[in-house]
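Biologist: Please take one part of this model and walk me through it closely. I would like the helix pair first, then the sheet.

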Amino acid sequence: MSFVIATFYHFVELSNYYDMKDEIKAACDAEGLKGTILLAEEGINATVSGKRDTIDKIFDFLRSDHRLKDIMWKESAAEYQPFSKMKVRLKREIVNLGVRDLDISLRGQYVEPEHWDNFTSQPDVLVIDTRNEYEVKLGKFKNAINPNTLCFRDFPQWAESFSESKDLKLAMYCTGGVRCEKSTAYMKNIGFNHVYHLKGGILAYLEKTNNKNDNWTGECFVFDDRVAVDNSLIPSDRIKCIFCSSQVSTDDLKSVPRGQVICSNCKTKNN
């Protein structure tokens, strides 16, 4: 494969995140990297793509900041560059839940990817998908609850209406893990006592298990031009229309907005 795609996040106080933007952008541009990096006072959240040596160099650069020395990342690969440009953006939150003063140190306990299938097979465990509706339509874990949210900011409203016993075990997951850092903390904040989440998210699960137990069904949506990856984290060639479930062609994908994986027929009907 020609390009390495690295996905990572790290919650840490970055009081000077405004000043970090230009320096990080210059370092990425110097290595020819493309992708998106979000910076906020609460940390960093990013996906970048480049050649093997340039990926290694940018992490050497980031880790030279003592606050980022513990950054870990997940890798996948593609034969083409899945991003068109390099963007470094300043945000209020690196993942936007819209809840002020949420203490993410209250987040749920991690479940290692290798243990996820056994853990979620327990009868007193409810599996909750914290992603958006359009992501869930492309793929999900078997028996997972879909909150039917259009964006992550909708999650608290759904959580407040969730009427299951506070003593049940909740096993939550998202694409790379960052949304669960906040969603599990929120569930504990509103009174759920036993909250867990998949460490590293779906991407880590597929990397570590290759879905050997067929617990994952479909494809995993990703936020770049790959649109979705398969069990081997390779860009999927089996992406289906979110409306009619027919296979979507490469040409169809060139002109659709993010989250709208639509075949030509459905695109015409919905315009």
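**Helix pair and sheet**

Modeller: Helices H1 and H2 are roughly antiparallel to each other, because their axes cross at roughly 160 degrees and angles over 145 count as such. This is a predicted model. H1 covers residues 17-30 and H2 covers residues 52-63. Their axes come within 10 Å. The crossing of H1 and H2 is right-handed.

Now the residues in that contact. H1 supplies Glu23, Ile24, Ala27 and Cys28. H2 supplies Ile58, Phe61 and Leu62. By class, the contact of H1 with H2 has 6 nonpolar residues, 1 charged residue and no polar ones. Glu23 of H1 is the charged residue.

Next, the sheet. This sheet is open and has 5 strands, in the order E4-E1-E3-E2-E5. Its pairing is mixed. Strand E4 (73-78) and strand E5 (86-90) are the edge strands. Each has a single partner strand, so one side of each lacks a neighbour in the sheet. On average, neighbouring strands of this sheet are turned by 10 degrees against each other, direction ignored.

Technical notes. Residues numbered from 1 in each chain as written. Predicted model: local features only at pLDDT ≥ 70, side-chain atom pairs only at ≥ 80, totals over all residues. Heavy atoms only, no water. Pairing = 2+ DSSP bridges. Helix = DSSP H or I, 4+ residues; strand = E, 2+ residues; numbered from the N terminus. Axes fitted to C-alpha atoms, helices over the stretch in contact; angles between N-to-C directions. Parallel < 35°, antiparallel > 145°, perpendicular 65-115°, else oblique. Left-handed = near helix turned anticlockwise from the far one by under 90°. Contact = heavy atoms within 4.5 Å.
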